[in-house]
Amino acid sequence: MHRVRLAEVFPPGGPPIVAERFELRSDTSAHSHDFIELAVVIGGTATHVTAAGERDLDRGSVTMLRPGDWHGYRHCHRLIVYNVYVGPEVFRRDLAWIRADPYLGRLLHTAGRSGHHSGHPLRLDPAALRVVETGLAEIAGRPRPTAHPGPAYAVRAGMLLCLLGGSAASLSPDPTGERTDRGHPAVVAAAQLLENDVQRAWNLDDLASAVNVSPAYLARLFTAQLGIPPMTCLGRLRAERAAALLIETDLPVAAIGRLVGWHDPNYASRRFRHFFALSPAAYRARFRPGG
């Protein structure tokens, strides 16, 4: 069930949203990938293992992992799980509006090492789980399209939104009290700037100036809306890009650091380890296919 590279999951020109069903009765080794993955448990139990610790899973549990996150399963007892694979471009292009939603934006950006969001495990309530399970069974049972037909993609995107919406409902309230029913456009613009140019030596003042708000105001809005501060978001994006390059290329670790904006190799290693609990070299040795 281990799929690591985008090319292994998404056919050329095909929809960048794919679902697969798995039944697990034994442990699975830890693995990583360079795309977004959501895992929905519809039966059985297991322990989910990540860089930040372990979490018990049962029916209705959802985990969301961003590119570069590694995970595995232990103590599987008739575990039935749907893996939903999502190309990162989906949230930069077709579903970019999600960032402006105060619930879905926070869900997307606070997915991380633990599969938790602000310390709160994701779950689908029984009604949402029935809808999602039916939809995922339909998608997983169809042959993967080799083109990008509108209806097929629309069905997959609709199911992804059902899954995200149901999962976001389990998030704990934002402790800052800043969240509203609508996201601030400066936050969306700032997040896009960071994603589009991770190599740039961004600081909070420059980012705030680029979106025409004060640094303190941007930091407060960004954290409330997306769940993490702007510079933490930048660090996470750099780590994700570095993880993909470690998996996909033979480039030296120091060169990869420079490509993502970390020019000091020692600093790059510390920052990468902060997000993935492994040094870049150890990450490549452990998770690169054939490594």
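Q: Which residue lies over the face of Trp 202?
A: Arg 200, at 3.9 Å from the ring centre. The criterion is NZ of Lys or CZ of Arg within 6 Å of the ring centre and within 35 degrees of the ring normal.

Q: What kind of model is this?
A: A predicted one: local features need pLDDT of at least 70, side-chain atom pairs count only at pLDDT 80 or more, and totals for chains, interfaces and linings use all residues. Residues are numbered from 1 along each chain as its sequence is written, and side-chain values use heavy atoms, with hydrogens and water left out.

Q: And what lies over the face of Trp 70?
A: Arg 286, at 4.9 Å from the ring centre. Trp 70 also belongs to a cluster linked by ring pairs, with Phe 272, Phe 276, Tyr 283 and Phe 287.

Q: How many aromatic pairs in the whole structure?
A: Six. Rings of Phe, Tyr and Trp (its six-membered ring) pair if their centres lie within 6.5 Å; planes under 30 degrees apart are stacked, over 60 edge-to-face, the rest tilted.

Q: Why is the pair of Tyr 283 and Phe 287 edge-to-face?
A: Because the planes are at 70°, with the ring centres 5.0 Å apart.

Q: Are those two, Tyr 283 and Phe 287, buried or exposed?
A: Both are buried (under 20% relative accessible area; exposed is over 50%, partly exposed in between; 1.4 Å probe, protein chains only).

Q: New topic. Which residue in β5 is the bridge partner of Glu 37?
A: Leu 65. Four bridges join β3 (residues 36-50) to β5, and the two run antiparallel. Strands are DSSP runs of E, at least two residues, numbered from the N terminus. Two strands pair if DSSP finds at least two bridges between them.
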